[in-house]
Amino acid sequence: SAGAASVINVVTRRAPGTAIDGAVSYGSFNTFETFASAAHVGEKTSTSASLSYRSSDGDFQFEDRGDRVDPSDDRETRRVNNDYESVDVLLRHARRIGPQSSLTLTNSTYYKEEGTPGRGSVQASNARFESLRSIVALALDGPGGLRSEIDLTFGDDTQKDPKSIGPGGIIDSLGLPYERAEGTRVAVDGRVSRPLLKSDHHFVE
């Protein structure tokens, strides 16, 4: 049987003012995380920004069983080239442009650089991976729940796998058939949506 779908739109209004928040944490393997945000709400506009940063050495100890057949080559070793560093930024600005209309501009950018050590028994000490992603979105909200959006997405990834001879004559790399590979992508997406059914239902437990 067919049924009607219901969309409930919840709108919250904040009092004008400014708010600032932040947090810092530190943990094992020199893992560090910090977060900061700020927001301002005016009569017709609201602006917010947030920044998060994370990093870690990731140099935990583990049991390397070597070829998994001969127990004489088993040893306790430390993970190398397992560090990472990342930054995440979110910016948002909204403006009311009419009694039932508003315009919102958002930018989300994420960057990460990390080591790619590969499997435990033969670790790659110089291979690195780098990734950048940024999304810019513009949204127009109009009367009756009508919403028009357009997004621009940019991404760039780089894998580095330099070749060198390590201890015992073993090649220090991930074994990839290249020393550097890079890929860039750009996409544009647009959409228009509107609730098929507006609902004023209230739910009571």
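## Arg147 and its partner

Arginine 147 comes out as partly exposed, with 28% relative accessibility (buried is under 20% relative accessible area, exposed is over 50%, and partly exposed lies in between, using a 1.4 Å probe and protein chains only). Arginine 147 pairs with aspartate 141 in a salt bridge whose closest N and O atoms are 2.6 Å apart. A salt bridge here puts a side-chain nitrogen of Lys or Arg within 4 Å of a carboxyl oxygen of Asp or Glu.

This is a predicted model, so to speak of local features takes pLDDT of at least 70 and side-chain atom pairs count only at pLDDT 80 or more, while totals for chains, interfaces and linings use all residues. Residues are numbered from 1 along each chain as its sequence is written, and side-chain values use heavy atoms, with hydrogens and water left out.

Aspartate 151 is buried at 12%, whereas arginine 191 is partly exposed at 33%.

A salt-bridge network links Asp141, Arg147, Glu149, Asp151, Asp189 and Arg191. The structure holds 11 salt bridges.

## The chain as a whole

You'll find zero helices and 10 strands in the chain (DSSP runs numbered from the N terminus: H or I of at least four residues for helices, E of at least two for strands). Of the 205 residues, 21% are buried.
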